[in-house]
Every structure is written in structure tokens, then in C-alpha cells.
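Welcome! Let us take a walk through this structure together, starting with the words we will need on the way.

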Amino acid sequence: GEDCRRALRKALEVGYQHIDTASIYKNENEIGEVLEEWMMKHENENENENKQNKKKEKKKMPFLASKIAPAEMHSQLLVEQAVDKILGRLKLSSVDLLMLHWPGVSKVSPDSEIHKERRKDAYRGLEKCLKEGKVRAIGVSNYHVGHLEELLSYCEIKPSVNQIEVHPMWPQEELIDFCEENGIT
């Protein structure tokens, strides 16, 4: 709601250059509204500066990443539809980075083999959206080495990113090494 809009306006004002969101965060509408007003404001400023021949650095849109929720990963078609909904909520024609939020789908037992099939279908949906220009890069989030090995065995387009939690209590060095060895940020 308004707390999100206020926080994002302030973040943009002080120079934030990266916004990370997800379907499951339920804040994409607010982010879309603020980005739309921010872009309109800066387009007008850039035009005025051009008219006055001022050589200021042009303001550009922050890098925007979002994630497909596990409930949206049950098929390639659901992923493609989820991408369209994300773009609609963000009021954009494309997003910089789109990731699968989790290596499993919702409402399925964690040890079910169905996850492998659904991950593959979901990733194929991301690849299609990348080819169509709806996203500029694709990736995954919270994947472990085994998930990445599986993904790399069938993907046409390697994930650019594996967004993971890392801190002194959970350094995930093996996972980071694997990603670095395979060109995954």
C-alpha cells in the first residue's frame, strides 16, 4: 500500500538503482505506479535539460527484478501468463530480470518427483519469454547445486542469476563456487 509507495519514492530519490520484487510479495502494483510517476517526472526533466543545453546525466530506470511464485510454476503456460500479469502490474513491456522463485511448486509434497517436471516446464516458459523480449535476462532463486545441475542438463539458455541467501551463518560456499564455475551470477 502507501507504505510501499512512500518507501520506494524515497529509495529512488536517494539513488537506488535496483528493485527486487516478486509476485508473492504482492507489491508489484505499487511499484508499477511509483515507477510510472518517476519515469514521467524524469522524462520531463530530461526534456527541459535538453532544451536548455544542460549536460546532466540522464536519469534511467532502475534495474528491476521479479520472481514467478511457486503457485504459478505448474506449467509453461502458467509461467507465460504469470509474466504477462507481472508486466501488467509493473506497467512495463519488459523487465530486466525474471526468476523462478523456488525450485518447487506449491501444493505438492516436497519429495515428489513432480517438481523436476514442473521446474523444466517453468524454465521453458522463462526461455520463451526471453526470446519474445518480455524479459532481458532469466534466472532462478533459492536453487541448490543439484537443482542447477539438473537445469543445466536441459536448458537452452543458461540462467544469468541464482538469487540466494548468504550470510556469515550460512555462507553457501559450495553453491557459490558451483555458480562461479558455471558462469551464473
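Helices (DSSP runs of H or I, at least four residues) and strands (DSSP runs of E, at least two) are numbered from the N terminus. What you see is a predicted model, in which local features need pLDDT of at least 70 and side-chain atom pairs count only at pLDDT 80 or more, while totals for chains, interfaces and linings use all residues. Residues are numbered from 1 along each chain as its sequence is written, and side-chain values use heavy atoms, with hydrogens and water left out.

Start with the whole chain. There are 6 helices and 5 strands, and from the N terminus on they run α-β-α-β-α-β-α-β-α-β-α. The C-alpha atoms fill a box of roughly 60 × 35 × 30 Å along the principal axes. Of the 185 residues, 43% count as buried. Contact here means heavy atoms within 4.5 Å. Among contacts between residues at least 6 apart in sequence, 67% join residues at least 24 apart.

Now turn to helix 1, residues 2-13. Its 12 residues reach 16 Å from the first C-alpha to the last, close to the 16 Å expected at 1.5 Å a residue; the expected span is 1.5 Å times one less than the number of residues. Which residues of helix 1 are buried? They are Cys4, Arg5, Leu8, Ala11 and Leu12. Seen down the axis of helix 1, these buried residues fall within an arc of 130°, so they line one face of the helix. The arc is taken from the directions that lead from the helix axis to the C-beta atoms. Just after the helix, Gly15 takes a positive phi of about 105°.

Val79, Glu80, Ala82, Val83, Ile86, Leu87 and Leu90 are its buried residues, and they fall within an arc of 160° seen down the axis, so they line one face of the helix. The face turned away from this buried side carries the exposed residues Leu77, Lys85 and Gly88. Just after helix 3, Lys91 has a positive phi of about 60°.

Next comes the interior. A nonpolar core is a set of buried Ala, Val, Leu, Ile, Met, Phe, Trp, Tyr and Cys residues joined through side-chain atoms within 4.5 Å. The largest one has 39 residues, and Ile68 and Leu100 touch the most other members. Helix 3 (residues 76-90) gives the most to this core, with 6 residues. A second, separate core of 5 residues includes Ala65, Leu97, Ala137 and Val161. Not counting residues up to four places away in sequence, the contacts of Leu100 include Ile68, Met73, Arg119 and Tyr143.

Arg119 leads us to the charged pairs. A salt bridge is a side-chain nitrogen of Lys or Arg within 4 Å of a carboxyl oxygen of Asp or Glu, and by this rule the count comes to 19. Arg119 forms one with Glu150, the closest N and O atoms being 2.9 Å apart. This pair links distant parts of the chain, with Arg119 in helix 4 (residues 114-131) and Glu150 in helix 5 (residues 145-154), 31 residues apart. Arg119 counts as buried at 7% relative accessibility, and Glu150 counts as buried at 17%. Elsewhere, Arg9 and Glu2 meet in a salt bridge at 3.2 Å, N to O. Arg9 is partly exposed at 32%, and Glu2 is partly exposed at 37%. Glu2, Arg5, Arg9, Glu33 and Glu37 are linked in a network of salt bridges.

Our last stop is Asn162, found in strand 5 (residues 161-163). Is Asn162 buried or exposed? At 5% relative accessibility, Asn162 counts as buried. Its side chain reaches the backbone oxygen of Tyr143 at 3.0 Å. Leaving aside residues up to four places away in sequence, Asn162 touches several others, including Val140, Leu148, Cys179 and Thr185.

Technical notes. Buried means under 20% relative accessible area, exposed over 50%, partly exposed in between (1.4 Å probe, protein chains only). A polar contact is a pair of N or O atoms within 3.5 Å; within protein, one must be able to donate a hydrogen and the other to accept it, and residues adjacent in sequence count only if both atoms are side-chain atoms.
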